[in-house]
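Please keep the sequence and the model at hand while reading.

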Amino acid sequence: MKKIASILLVIGIGVLGSGCSKKVPDVITSPDTNISVSIFVTEQNTLAYSVTRAAQPVILQSDLGLQLTSADFTQGVTIESRSRVIPVSDDYTLRVGKKSHITYHANEQTFSILNAQQQKLILTFRVSDDGVAFRYAVKDSLIANKTFVNETTSFQFAENTRAWLQPMSVAQTGWSNTNPSYEEHYQMDIAVGTPSTLGAGWAFPALFKTGDNWVLVSEAGINRDWHASRLHHESPNGEYRVAPPQSPEIFIAPNGEKGALLANSSGDLISPWRILAMGDLPRIMESTLGTDLAEPAISVPDEAIKPGHASWSWAILKDDFTTFDVQKTFIDYAAEMHWDYTLIDADWDKKIGYEKLQELVDYAAQKKIGILVWYNSSGDWNKTPYSPKSELLSHEQRKAVFARLKKIGVKGLKIDFFAGDGQSMIAYYTDIMIDAAAEGLLLNFHGATLPRGWQRTYPHLMTVEAIKGFEFTTFSQADQDSVAAHVAMSLFARNVFDPMDFTPMAFGDIPNIKRVTENSFELAESVLMISGIQHFAEIPEGMATAPEYVKQFLQDLPREWDEVKFIDGYPGKYAAIARRAGDVWYIAGINAEQDNKTLNLDLGFAAHKNAVLITSGDTERSFSQQDIGAATTLTITLRPSAGFVMVLK
């Protein structure tokens with residue numbers, strides 16, 4: 001399709017005139033008028049849009065369109081009608097995120113699109129000060145079975161745009177056929193148009209730099225009728241298209257029946273919001289667009305929603321230590337650290353059993369520690385041997401399992417090894433979240449999809465992995481060697497909108513691996529990474545090497561954050577982020593570059609608060625502490641793979 005630069009379309013509005021009204025763009029601006037979106041029908045009678053920010057092109061002319069088995073809205077379309085541009089607002093609280101109280105304001109316009117058969121598609125755009133969102137809805141009752149075939153949605157970037165992207169892995173590859181699970185290294189600062197290294201697409205969120213603007217592309221508000229998407233693995237001339245999951249990414253029932261791969265509904269079919277956060281890096285890093293467009297929270301008892309910190313043996317000790325005595329030691333460890341939970345990992349049903357689990361739960365309760373237990377989500381879609389397995393596949397199974405765990409006193413589940421992003425698998429996630437809510441159980445999904453704002457809709461969903469996390473750095477030296485840049489990258493993409501169970505922080509040795517990050521870097525991760533339950537990888541022996549002031553820092557570390565402020569950073573290179581809990585500010589920073597990095601920190605937002613700095617000591621495994629006082633600026637130099645934390649109160 002012939003592409004026309006968005007800037008030319010804006011200039012041409014006055015030239016087209018009323019005689020060609022169907023070709024004149026509808027223009028929606030953000031409340032602050034910095035972002036402008038043009039929606040129009042092209043000369044080829046297809047839908048398109050373009051976006052500018054501060055008068056600079058951000059998204060050039062790009063395609064819109066949806067094709068179902070019995071209705072095609074990708075060609076021969078007209079705009080039948082459009083609503084007035086109306087202001088929309090939302091005010092909500094978030095237990096798991098970088099802000100606790102969020103206010104969202106946007107301008108919205110809805111378009112009624114007709115195809116040649118006079119079938120109707122509803123297209124809605126929202127434009128806020130931090131970005132653009134749009135979605136499709138098919139509510140036409142004359143279209144009986146609404147089954148997805150194709151989506152032509154694209155994002156056309158200028159050819160000089162740079163990209164920071166995570167490849168999607170090929171389905172049914174990897175250990176025990178557990179891919180895809182969003183566990184690849186990012187390709188950083190690459191030219192747009194670079195094909196995906198694995199040929200399976202690029203994962204959301206996808207980060208781009210075009211001119212003076214950064215753009216973070218993702219989706220939010222996904223429901224059980226739709227599949228999760230990604231960007232196509234090929235993007236000729238910088239045009240990225242939304243792509244569906246691969247054919248194996250589906251739910252398989254115990255009787256062998258295969259679930260649907262693509263979106264479908266006998267009622268209304270509503271797509272997720274396609275979201276584009278845009279602006280400078282502070283705007284991107286402080287944006288809440290990923291939850292602003294999610295559905296409001298379902299009813300879950302307030303007392304059941306308890307974010308916190310957890311001890312966890314498996315990260316470093318692995319399978320052989322999921323035993324009664326070791327888990328009891330980790331309960332003691334969590335209590336000593338003033339944490340909230342202990343996670344008991346895979347095969348606990350065989351190595352500990354339900355009767356002994358009850359003993360551990362009762363013992364933990366005496367110390368005010370909650371117990372979390374691991375479950376395998378899988379049926380026959382992978383070859384994973386770990387158990388409990390095949391016990392969550394139906395509503396009846398989940399109801400029995402969740403009720404039994406609730407009766408024992410277990411607080412939540414870590415559920416692992418999902419099959420990907422097909423519609424039936426998204427429905428499986430949704431059913432698990434709904435059934436767990438009925439028993440007030442917390443959830444953590446591993447080997448899983450990106451949550452796409454689910455933590456707002458299902459507030460008992462504490463965290464999701466969907467990242468090449470700490471565990472990989474214990475398997476291979478190559479993953480360990482690249483971990484600093486990987487962490488510095490994930491903060492600017494994966495963890496911007498959604499909680500991320502990276503399972504950070506180790507101060508001691510990792511068996512058979514030479515750890516490359518300094519202890520100060522590891523400590524900084526505890527503040528930089530957002531996760532409703534932060535599962536700390538460090539074991540008691542490693543924590544024993546830390547000075548008392550580091551232990552005190554981790555004992556006092558907030559479980560929930562009220563506000564975020566991006567201070568400085570660059571994807572894959574370094575980051576400094578401030579987070580507020582109550583009236584106390586925490587600041588953390590890391591250097592992932594090969595040379596020393598000097599940061600000039602503006603602390604004016606926390607003026608008159610006394611600051612205490614913890615950073616590296618003389619060696620990479622040592623710490624130092626310094627009382628800064630009520631400083632308004634601070635210059636700090638970090639060694640490669642080092643970091644810092646600061647408390648201002």
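## A parallel sheet

Gly412 stands opposite Leu442 in β27, and four bridges join strand β26 (residues 412–416) to strand β27 (residues 442–445), the two running parallel. Strands here are DSSP runs of E with at least two residues, numbered from the N terminus, and two of them pair if DSSP finds at least two bridges between them.

Seven strands make up an open sheet with parallel pairing, in the order β28-β27-β26-β25-β24-β23-β29. From one strand to the next the twist averages 25°, with angles taken from 0 to 180 degrees between the N-to-C directions of axes fitted to C-alpha atoms.

## Basis of the model

This is a predicted model, in which local features need pLDDT of at least 70 and side-chain atom pairs count only at pLDDT 80 or more, while totals for chains, interfaces and linings use all residues. Residues are numbered from 1 along each chain as its sequence is written, and side-chain values use heavy atoms, leaving out hydrogens and water.

## Salt bridges

With a salt bridge defined as a side-chain nitrogen of Lys or Arg within 4 Å of a carboxyl oxygen of Asp or Glu, the count comes to 25. Arg95 and Glu560 meet in one of them (2.8 Å, N to O); Arg95 lies in the loop between β8 (86–93) and β9 (101–114) and Glu560 in the loop between α18 (548–556) and β30 (563–570), so the pair ties together parts 465 residues apart in sequence.

Glu219 and Arg452 form another salt bridge (2.6 Å, N to O), and both residues are buried, that is, under 20% relative accessible area with a 1.4 Å probe and protein chains only, where over 50% is exposed and partly exposed lies in between. A network of salt bridges links Glu151, Glu219, Arg274 and Arg452.
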